[in-house]
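Work through the exercises below with the sequence and the model at hand. Each task is followed by a solution in steps.

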Amino acid sequence: MFKFLKEVVAGSGSGLKDFPYTIGDPYATAWGSWTHHRGTSKDDGSPVSIFSLSGSNPQDRHLVAGRNGVKRLRTVRHPNILSFLHSTEAEVPDGPAMRHTIYIVTEPVMPLSEKVKELNLGGTQRDEYFAWGLHQISKAVSFLNNDCKLVHGNVCLASVVVTQTLDWKLHAFDVLSEFDASNEASGSPMLQFEWLVGTQYKPMELTKSDWASIRKSPPWAIDSWGLGCLIYELFSGAKLARTEDLRNTASIPKSLLPDYQRLLNSTPSRRLNPSKLIDNSEFFQNKLVETIQFMEVLNLKDSVEKDSFFRKLPNIAEQLPREIVLKKLLPVLASSLEFGSAAAPALTVLLKMGSWLPADQFSIKVLPTIVKLFASNDRAIRACLLQHIDQFGESLSAQTVDEQVFPNVATGFSDTTVSIRELTLKSMLVLAPKLSQRTISGSLLKYLSKLQVDEDPGIRTNTTILLGNIASHMNDGTRKRVLINAFTVRALRDTFPPARAAGIMALSVTSSYYEMTEIATRILPNIVVLTFDPDSDVRTKAFQATDQFLQIARQHHEKLTTGDTMVAESTGVQLNTGNSGLLGWAMSSITQKGKPSDHGSISTANASNSQVSATSAATPGTQASTAGYAPSTSSSLDKAAPASARSSVDGWGELEDDNIHEENGSDKEGWDDVDPFDDKASPSLLSNIQAAQKRPVVQPKQAVASARSHQLKAPKSEDDPLWGPIAAAPPKSASKSADIKPSTSHNDEDDLWGSIPAPAPKTSGKPLKAPAANSDDLWGAIAAPPPSTKARPLASSGRGRGTKPAQPKLGAQRIGRTSSTGM
């Protein structure tokens, strides 16, 4: 018969061709003569419940009562009453005869008796869940009796069903009738279909059909008796067989016993009103009921109450039945967050609850809410999402990240709050592998380019770390355009020691992406100069990186010697065991917690007696943590360069000053304007190496004449240490290296690089020639236009930017010219 009904509903029977639902397997139990089936919608496949009732003819009294139930269920709406979706009645053939069948389609539910067995709760957890269910059914009965003046007539275990969120709902409205108290003397039946109610569930007055007494009783008298029967069946675990069994109270909780006895009072007028059962019973005062009730009215609570509640909720959730938390609390919490009634702490609770779900359920129940929250303007919610992105990032699909998540997350790169920028940067470790090449090249790298000149030194350091970590997700063209420029021009020349150390490590980790020509002409010259860095950690990492790249060069030489020219075209050298540990630096290093004020410049007086070291290990596998870093300087460096003068003449801006020069604006357009070194210009190679050897500083705008005279007295002996010229105040004249003949447009005494003891490197290409007077500075071409300084001769040599200083100001150089008249 069941198989036949499935075929009928599928469309073969008359009257059901357009039935939009498919019947599934039936449940073992149902109320009365109804059959409760599982079902699905043909439109979207969503689950439903389908109740069917069959009769031999249209006037079958069960069908008449069933039609009453359909009418009542369609018209009565309440959160604790079963939701009606669709109904139909059809005449279908059953062998030689025809049978009339009523179908009711509702939200997906299952019988309470089967759900209780499935949950298999015990002890306090069972009592708390039963309390919540009884609370809901009592509200439904109170609504019918007190508000609608209706009598359900058969409240029992079979008339209660449970939703997918474990809510209890009342159904079985076949007996439902209006409470008629207008004619108390009338003896006509008030409940037309009371014969459907089992004798064991009838109170004494209904058993005797004393309708006059029933009309004199309050509207809730019959249904209060039914609530008592429901309580007995719940806690006894057995269906009520006889009315006398209700006297057996051994299984009833003591806190509920007084109310249970009042519900079953033999005098109808003295029975407990269901609304009083909800308000006064001690049994309903437990953690589960209070938690759910609070969340249902969350939008009415103030922010203080919400914060207090959500901070306690994780501990409360641990004590509640896990399935109830996942099926009841988690959906309510997700809905509250989605519609804005929950605060940011609720997101932490949602993620904790979501971690208890299987991966497929997490993607269905939690991820949609999280994706919507990324569009929130609430900074607290955005920060919480970024802090916990490692908990759900792997579950996000690449398409979702690229199209929905990243456009919202990217706004954090430009946030005015340092912590938001830092968290946004951290989140890219999880999101970048899921981004398309178009998004990485066209959007992400532009943001990272700006962050590499951020005012916060920790963010600059972590940007370098991130670039090294996501290099494998870039295409070859992007890597060639970005990596060397980002690591050598910016990171290795940063005033913050951990940023320089991060640049060295990033170059080491990405060594397999560089050609031998790039290693020899662009990487090694910039790393070697850091072997004399004031910071010991930077020096250590510089020596390690130098050894690594020299090893690569040595292997390249050996391959050329053996004639393996095809392999020699690219390095592709695997890191040795000693350096393999560097691959783990990125994940733990991106935890900078310092503030810009923590990394400010050290005054001249204090710097002469102290040296601040970056807290990172010296071994190859050590991870460089940026937490709590401060700029590391030497005494000589601080004495020569005041705190306000720290910047880089490569044009990347004063990274540590709160008032960043306007020149930095042109530096934040990404690496698209950064041109690789060209072997055709030998003077550019020379300037590249010379600029890498010297860590220049910007002279303060308010420099005085005494500082200039002190600069001119700086010795230029080639026996001075390599870092000596850096310790001196910024030079006042721009000149060429002593090893190269100056051009006719330059004076011999304007020797900017003459104090650098390192000789000019020799190349196998064209002979090195001094650049022309109007040639552009190489660092400015790679990085950005060099920042303006008070060094007047820079303008006269054609290397400055802006208008030339007035002619009278050139008199400050008169002493310098006198000292070189012998030449």
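**Exercise 1. A serine and its surroundings**

In which loop does S376 lie? Then decide whether S376 is buried or exposed.

Solution. This is a predicted model, in which local features need pLDDT of at least 70, side-chain atom pairs count only at pLDDT 80 or more, and totals for chains, interfaces and linings use all residues. Residues are numbered from 1 along each chain as its sequence is written, and side-chain values use heavy atoms, with hydrogens and water left out.

Step 1. S376 sits in the loop between α15 (367–373) and α16 (379–387). Helices (H or I, at least four residues) and strands (E, at least two) are DSSP runs, numbered from the N terminus.

Step 2. S376 counts as buried because its relative accessibility is 19%. Buried means under 20% relative accessible area, exposed over 50%, and partly exposed in between (1.4 Å probe, protein chains only).

Step 3. Not counting residues up to four places away in sequence, S376 touches I381 and R382. A contact means heavy atoms within 4.5 Å.

Step 4. Over residues 366–404 the chain is 69% helix and 0% strand, with the end C-alpha atoms 16 Å apart.

**Exercise 2. The five-stranded sheet**

In what order do the five strands of the open sheet lie?

Solution. Step 1. The order is β1-β2-β3-β5-β4, with antiparallel pairing. Two strands pair if DSSP finds at least two bridges between them.

Step 1. β1 (21–26) and β4 are the edge strands, each pairing on one side only. Direction ignored, neighbouring strands of this sheet are turned by 30° against each other on average.

Step 2. Helix α2 (residues 61–75) packs on the sheet and touches β3 (47–55), β4 and β5, its direction making about 20° with that of β5. Axes are lines fitted to C-alpha atoms, for helices over the stretch in contact, and angles run from 0 to 180 degrees between N-to-C directions.

Step 3. β4 (residues 84–94) pairs with β5 (residues 97–106) in the antiparallel sense over 10 bridges. P93 stands opposite M98 in β5, and D94 has A97 as its bridge partner in β5. The two strands form a hairpin with two residues between them, and G95 in the turn has a positive phi of about 70°.

**Exercise 3. A kinked helix**

Where in helix α24 does the kink lie?

Solution. Step 1. α24 (residues 516–528) has a kink of about 30° at R522, shortly before the proline P525. The bend at a residue is the angle between axes fitted to the seven residues ending there and the seven starting there.

Step 1. Buried residues in α24 include M516, R522, P525 and N526.

**Exercise 4. The whole chain**

How many helices and strands does the protein have?

Solution. Step 1. The protein has 36 helices and 10 strands.

Step 1. Of its 823 residues, 53% are buried.
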